[in-house]
Amino acid sequence: MAITILMVCYTLLSFGLGWYFFSHRQKSFLVFHPENTPALSHVLTGGGIVLMVIGVISAIATVMNNFIFISMILLVGVVAIISLQLILVHWFPKGE
């Protein structure tokens, strides 16, 4: 039961973060300005789509309640989120 609740939270977070990135590909958010940088806009588009797909697949894994499938999608999701964060560091404002 606990794994199901945690997976529902993970699914909502993954899909929500993906939707946030996808919806902010042409407007500024936090310290990033994708409206001025086309490459950043493309990264947000791709990353948002990937995270939303991971959210949908994790919802399917939650319904199936297969621990192997859940473990695989969690690993893929963690790698995708870490990769996206490391890519976004490129556009993080540098201190002077």
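His24 sits in the loop that runs between helix H1 (2-23) and helix H2 (38-64), where helices (H or I, at least four residues) and strands (E, at least two) are DSSP runs numbered from the N terminus. The structure is a predicted model, in which local features need pLDDT of at least 70 and side-chain atom pairs count only at pLDDT 80 or more, while totals for chains, interfaces and linings use all residues. Residues are numbered from 1 along each chain as its sequence is written, and side-chain values use heavy atoms, with hydrogens and water left out.

Is His24 buried or exposed? With a relative accessible area of 13%, His24 is buried, because buried means under 20% relative accessible area, whereas exposed means over 50% and partly exposed lies in between (1.4 Å probe, protein chains only). Two polar contacts can be described here, the term standing for a pair of N or O atoms within 3.5 Å; within protein, one atom must be able to donate a hydrogen and the other to accept it, and residues adjacent in sequence count only if both atoms are side-chain atoms. A polar atom of the His24 side chain lies 2.9 Å from the backbone oxygen of Tyr20, and the side chains of His24 and Ser23 are joined by a polar contact of 3.2 Å. When neighbours within four places in sequence are left aside, His24 is in contact with Phe29, Pro34 and Leu44, contact meaning heavy atoms within 4.5 Å.

### The chain as a whole

The chain has 3 helices and 0 strands, and from the N terminus on its elements run α-α-α. Taken along the principal axes, the C-alpha atoms fill a box of roughly 50 × 25 × 20 Å. Of the 96 residues in the chain, 29% count as buried. The accessible surface comes to about 6,200 Å², and 76% of it belongs to carbon and sulfur atoms; accessible areas come from the Shrake-Rupley method with a 1.4 Å probe, and for residues only the protein chains shown count as cover. Among contacts with a separation of 6 or more, 64% are accounted for by residues 24 or more positions apart.

### Nonpolar cores and helix packing

A nonpolar core is a set of buried Ala, Val, Leu, Ile, Met, Phe, Trp, Tyr and Cys residues joined through side-chain atoms within 4.5 Å. Which residues make up the largest nonpolar core? The largest consists of Phe21, Phe29, Phe32, Leu40, Leu44, Leu51, Leu84 and Leu88, 8 residues in all. At least two residues of this core come from each of H2 and helix H3 (67-88), and H2 gives the most, with 3 residues. A second, separate core has 7 residues, including Tyr10, Ile54, Ile70 and Ala80.

Phe21, a member of the largest core, touches Phe29, Leu44, Gly48, Leu51, Leu84 and Leu88 when residues up to four places away in sequence are not counted. Phe21 also takes part in the meeting of H1 and H3, in which Ile3, Met7, Tyr10 and Phe21 in H1 meet Phe67, Ile70, Ile73, Leu74, Gly77, Val78, Leu84 and Leu88 in H3. These two helices, H1 and H3, pack at an angle of about 30 degrees with their axes 12 Å apart; axes are lines fitted to C-alpha atoms, for helices over the stretch in contact, and angles run from 0 to 180 degrees between N-to-C directions. H1 passes H3 in a left-handed crossing, a crossing being left-handed if the near helix is turned anticlockwise from the far one by less than a right angle, and right-handed if clockwise.

### Residues in the loops and in H2 and H3

Most residues other than glycine have a negative phi. Leu30, in the loop between H1 and H2, and Asn65, in the loop between H2 and H3, are set out below with their values.

| Residue | Phi | Relative accessible area |
|---|---|---|
| Leu30 | positive, about 50 degrees | 73%, exposed |
| Asn65 | positive, about 55 degrees | 40%, partly exposed |

Phe69 has its place in helix H3 and is partly exposed, with a relative accessible area of 23%. Not counting residues up to four places away in sequence, Phe69 touches Ile57, Ile60, Ala61 and Met64. From C-alpha to C-alpha, Phe69 and Ile57 are 9.5 Å apart in space and 12 residues apart in sequence. Ala39, in helix H2, is partly exposed at a relative accessible area of 39%, and between Ala39 and Trp91 there are 9.8 Å in space, C-alpha to C-alpha, with the two 52 residues apart in sequence.
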